Structure formats: structure tokens, C-alpha cells
Amino acid sequence: MTYGTKLRERIASPGTTPLIGVYDMYSASITAQHYDGLFVSGFGFAASYYGLPDIGFIAWPDMLAFTQRLRGAFPGHHLLVDIDDGYVDPEVACHVVEGLERAGASGVVLEDQKRPRRCGHADGKQVLPLPEYLAKLEMVLATRRDLLVVARTDATDDADILHRAEALAATDADVVLVDGVRSVEWIRRIRHVVGDKPLLFNQIAGGKSPRLSLSELNDLGVDVALYSTPCLFAAHEAMRTALTELKRTDGRLPEADETRGIGIGVRTATELLEGNLARTRREAGEGGTWVR
């Protein structure tokens with residue numbers, strides 16, 4: 001069974017499917033112990049790989065290489081990849097989609113922003129004319145074999161949001177995402193216009209959208225919940241705290257007695273990473289029930 005089909009089945013099952021944003025292999029290693037769905041966040045990748053904001057700096061070969069590493073380490077997890085605007089050109093978008101499907105991605109998110117692009121929860125977003133985006137989307141849909149495709153709009157005008165959501169739902173895209181949704185009432189309005197098409201909701205700490213639980217989202221008819229940056233922001237806070245404390249104690253490391261569950265040390269970190277090796281070998285030994 002293909003990765004795309006497995007993700008479609010997961011989304012079609014009862015409840016809202018969570019996909020957790022990861023920004024490097026270490027964050028993915030921790031996340032994979034708690035959730036079966038990973039999301040390659042453009043925000044997180046731009047921050048971790050380039051040290052830059054999510055405004056269009058990502059080069060598609062870097063994203064493809066990261067996806068290949070993730071699939072190698074996590075052969076049984078769902079893996080949704082953010083490809084922004086398809087790296088501008090429709091032909092490039094199709095080439096990237098082909099490469100990601102070969103690499104084992106479960107799905108991609110393709111947005112309708114035009115350059116210079118912005119994080120979906122930032123101000124100043126601009127969108128392509130709808131026919132131009134739909135033409136790009138149709139090329140991607142014709143290119144993919146079984147890859148799940150999320151059609152995303154970053155429209156901010158009230159009427160345009162609903163018009164685009166309805167138009168995206170009428171395509172062969174598997175899921176619709178309106179990013180930066182600002183209220184529960186707007187979720188309901190979007191849910192109404194997309195009809196039976198699966199709906200994805202993206203929430204980010206400090207973003208424009210309300211903070212909602214999976215149960216609340218399920219009650220609103222949301223099929224997929226993206227958590228783009230919890231790992232990145234948690235790492236930011238933990239590192240800032242750890243380094244502030246290291247400076248305060250004149251460079252004395254904190255106690256890490258892992259036999260008593262105190263702190264993270266080399267033993268815990270090594271066991272986490274060794275688990276990736278064991279998982280890959282176990283899946284290979286089982287003959288691989290997942291195919292690309």
C-alpha cells in the first residue's frame with residue numbers, strides 16, 4: 001500500500017488527524033515516539049536549515065534531501081511536506097512532486113501565494129490570480145501518481161476566502177487548507193463551502209488562528225490538524241533557558257542522573273538515535289508493507 005493511500009485512509013477514519021511539524025532529524029526522532037504523522041514545516045525548515053524567516057528562501061533540492069532522510073528513518077510514519085508555492089514555476093512544482101513521491105512522501109501542500117511569500121499567519125500576504133493557481137494545481141495533480149495533495153489558499157479578503165475555498169474543493173485535490181483562519185465562526189463558514197472535501201486547519205503559537213483541541217476541531221468538522229512549530233518553539237525556549245542557566249552557574253553543567261529520570265544526558269540522546277537504526281532495520285526485515 002502506498003504512503004499516499006495510507007494517509008488518505010488515516011484522514012478518512014473517525015476524528016481529526018494530527019500532523020506535527022518537525023524541523024530536523026532530532027525533532028522528528030522525538031515526535032515519532034508520540035505521533036504517527038509528521039509535517040515538514042516550511043517555517044521550521046527555513047529557520048533550522050538556513051537560519052532565515054519563512055519568506056521564500058527554501059531551495060527544493062534541500063527539501064527533497066531532508067524528506068529522503070526522514071523517510072529512511074521513519075518508514076512507517078505519515079509524512080506531509082510543505083512545498084510553498086511549488087518554488088514558483090509550475091514545471092518545477094511538478095518535478096519536485098515527482099521527486100518527493102519517489103522519496104516516499106505521503107503528501108504535499110501547495111499554496112496560492114505569489115512572491116515575495118510570507119508565513120501563512122503573517123501580514124502582507126499576496127495571492128496569485130485564481131486561474132493561475134488552479135492551472136499550477138492541475139499540473140501537479142496530473143503529475144502525482146498517488147501522492148496526497150493539499151490545496152492551500154492564503155487569501156485574506158472575506159469574499160475571496162470563501163470563493164477560493166469553494167474553487168479548491170471542486171478540484172481533484174485531496175484536502176483543502178485555508179491558512180490564517182481567524183475564528184471558530186470562519187472555520188464553520190469554510191467547512192460549509194468546501195462540502196464533503198476533507199478540511200485541514202493549521203494552528204501556530206502566536207498566530208492568527210484560535211488555539212483549539214483535537215476534540216473541538218472534530219466537532220467543527222475539521223479532518224486534519226497541522227501543528228507547524230511546537231517542536232521548534234519548545235526547543236527555542238529550552239535552549240534559551242539552558243544557556244541562561246549555564247551562564248549563571250559559571251559554566252557548570254546541570255545534573256543529569258538518567259537512572260533517576262533527572263535531565264537529558266548522553267545516554268538518553270544516544271538511545272533515541274539508536275532507536276532510529278533499530279526501526280529502519282526492523283521495517284526492512286519485515287519485508288516492507290509500505291511501498292512508494
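This is a predicted model: local features need pLDDT of at least 70, side-chain atom pairs count only at pLDDT 80 or more; totals for chains, interfaces and linings use all residues.
View 1. Helices (H or I, at least four residues) and strands (E, at least two) are DSSP runs, numbered from the N terminus. Leaving aside residues up to four places away in sequence, Ala93 touches Gly86 and Val140; contact here means heavy atoms within 4.5 Å. Pro18 is 75 residues from Ala93 in sequence and 26 Å from it in space, C-alpha to C-alpha.

**View 2. Helices H3 and H4 pack at about 100 degrees****.** H3 covers residues 42–50, H4 covers residues 60–73, and their axes are 12 Å apart. That angle makes H3 roughly perpendicular to H4. For reference, under 35 degrees counts as roughly parallel, over 145 as roughly antiparallel, 65 to 115 as roughly perpendicular and the rest as oblique. The axes are lines fitted to C-alpha atoms, for helices over the stretch in contact, and angles run from 0 to 180 degrees between N-to-C directions. On the H3 side you'll find Phe45, Tyr49 and Tyr50, which meet Asp62, Met63 and Phe66 of H4. Sorted by class, this contact has five nonpolar, no polar and one charged residues. (Ala, Val, Leu, Ile, Met, Phe, Trp, Tyr, Cys and Pro count as nonpolar, Asp, Glu, Lys and Arg as charged, and the others, Gly among them, as polar.)

**View 3. Phe45, Tyr49, Tyr50 and Phe66 make one aromatic cluster****.** Rings of Phe, Tyr and Trp (its six-membered ring) pair if their centres lie within 6.5 Å; planes under 30 degrees apart are stacked, over 60 edge-to-face and the rest tilted. By this rule the count comes to five aromatic pairs. Phe45 and Tyr49 are a stacked one, 5.0 Å centre to centre with 15 degrees between the planes. Both lie in H3, four residues apart, or about one turn of the helix. Phe45 is buried at 1% relative accessible area, while Tyr49 is partly exposed at 44%. Tyr49 also pairs edge-to-face with Tyr50, at 5.1 Å centre to centre and 75 degrees between the planes. Tyr50 itself is partly exposed, at 25%.

**View 4. The largest nonpolar core holds 56 residues****.** Such a core is a set of buried Ala, Val, Leu, Ile, Met, Phe, Trp, Tyr and Cys residues joined through side-chain atoms within 4.5 Å. Leu70, Val81, Ile83, Leu100, Leu137 and Ile190 touch the most other members. Helix H5 (residues 90–103) gives the most to this core, with six residues.

**View 5. Tyr87 and Asp250 each have a positive phi without being glycines****.** For Tyr87 the phi is about 65 degrees, and its place is the loop between strand S3 (78–82) and H5. Tyr87 is buried, at 9%. For Asp250 the phi is about 60 degrees; its loop runs between helix H10 (230–248) and helix H11 (266–285). Asp250 is exposed, at 73%.

Key:
Residues are numbered from 1 along each chain as its sequence is written. Side-chain values use heavy atoms; hydrogens and water are left out. Buried means under 20% relative accessible area, exposed over 50%, partly exposed in between (1.4 Å probe, protein chains only).
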